[in-house]
Amino acid sequence: MARSTLSPAQRAFLEERRFAIVGTKNLDGSPHLAVMWYLLDGDDIVVNSAQGRIKDRNLAQDPRMSLVVEDEYRWIRIDGRARIEHDQTIAQADIRRLASRYYRDERKVAAAMRDNFSRQHRITYRLPIQRVAGEGF
């Protein structure tokens, strides 16, 4: 059953380090799915991408986004409209937070920021939790 808020168990599940499958709508109406890092930030899901990728084009055209996080028989799907942030101070800080969460090694984070992320125009997508569905909680 869909709800508009996360339960404490769902929030704890999302706070663990997992990967998300992010869905957007291609210009021809077909789905586009991408495996991505994510971060639960209050009542928003934060993802970040380099400018020029397919999801960038899709979300600029239609900000509707779905995100699924699963672990065998437990899963959560969150649907909503993404807020798009191009401000590089914010987007670069967000990719650093995501890299810290997933790499868990500050030397690796620093190298990724220096050699890769800081050279890209990054975009943050904030997905307010508007509709939640899940199983196993």
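**Loops, helix packing and sheet of a predicted model**

Colleague: In which loop does Arg104 lie?

Modeller: The model is predicted, so local features need pLDDT of at least 70 and side-chain atom pairs count only at pLDDT 80 or more, while totals for chains, interfaces and linings use all residues. Residues are numbered from 1 along each chain as its sequence is written, and side-chain values use heavy atoms, with hydrogens and water left out. Helices (H or I, at least four residues) and strands (E, at least two) are DSSP runs numbered from the N terminus. On that numbering, Arg104 is in the loop between helix 3 and helix 4.

Colleague: What is phi of Arg104, and is Arg104 buried or exposed?

Modeller: Most residues other than glycine have a negative phi. Arg104 is not a glycine, yet its phi is positive, near 55 degrees. Buried means under 20% relative accessible area, exposed over 50%, and partly exposed in between (1.4 Å probe, protein chains only). At 59%, Arg104 is therefore exposed.

Colleague: How do helix 3 and helix 4 pack, by angle and by distance between their axes?

Modeller: Axes are lines fitted to C-alpha atoms, for helices over the stretch in contact, and angles run from 0 to 180 degrees between N-to-C directions. Helix 3 (residues 88-103) and helix 4 (residues 106-115) make an angle of about 145 degrees, with the axes 9 Å apart.

Colleague: Is the crossing of helix 3 and helix 4 left-handed or right-handed?

Modeller: A crossing is left-handed if the near helix is turned anticlockwise from the far one by less than a right angle, and right-handed if clockwise. Helix 3 passes helix 4 in a crossing that is right-handed.

Colleague: How many nonpolar, polar and charged residues are in the contact of helix 3 with helix 4?

Modeller: Contact means heavy atoms within 4.5 Å. Residues of helix 3 including Ile95 and Tyr103 meet residues of helix 4, among them Val109 and Met113. Ala, Val, Leu, Ile, Met, Phe, Trp, Tyr, Cys and Pro count as nonpolar, Asp, Glu, Lys and Arg as charged, and the others, Gly among them, as polar. By these classes the contact has 6 nonpolar, 2 polar and 3 charged residues.

Colleague: Which residue takes a positive phi in the hairpin of strand 5 and strand 6?

Modeller: Two strands pair if DSSP finds at least two bridges between them. Strand 5 and strand 6 (residues 74-81) run antiparallel, joined by 8 bridges, and Glu70 stands opposite Trp75. The hairpin has 2 residues between the strands. The one with a positive phi, near 60 degrees, is Glu72.

Colleague: Is Glu72 buried or exposed?

Modeller: Glu72 sits in the loop between strand 5 and strand 6. Its relative accessible area is 66%, so Glu72 is exposed.

Colleague: Which strands stand at the edges of the open sheet?

Modeller: The sheet has 4 strands in the order 3-4-8-7, with antiparallel pairing. Each edge strand has a single partner, so one side of it is left without a neighbour in the sheet; these are strand 3 (39-41) and strand 7 (83-85).

Colleague: What is the bridge partner of Glu85 in strand 8?

Modeller: Strand 7 and strand 8 (residues 122-128) run antiparallel and are joined by 3 bridges. In strand 8, Glu85 has as its bridge partner Thr124.

Colleague: What is the relative accessible area of Ser49?

Modeller: Ser49 is found in strand 4 (residues 44-50). Leaving aside neighbours within four places in sequence, Ser49 is in contact with residues including Met36, Lys55 and Tyr125. Ser49 is buried, with a relative accessible area of 1%.
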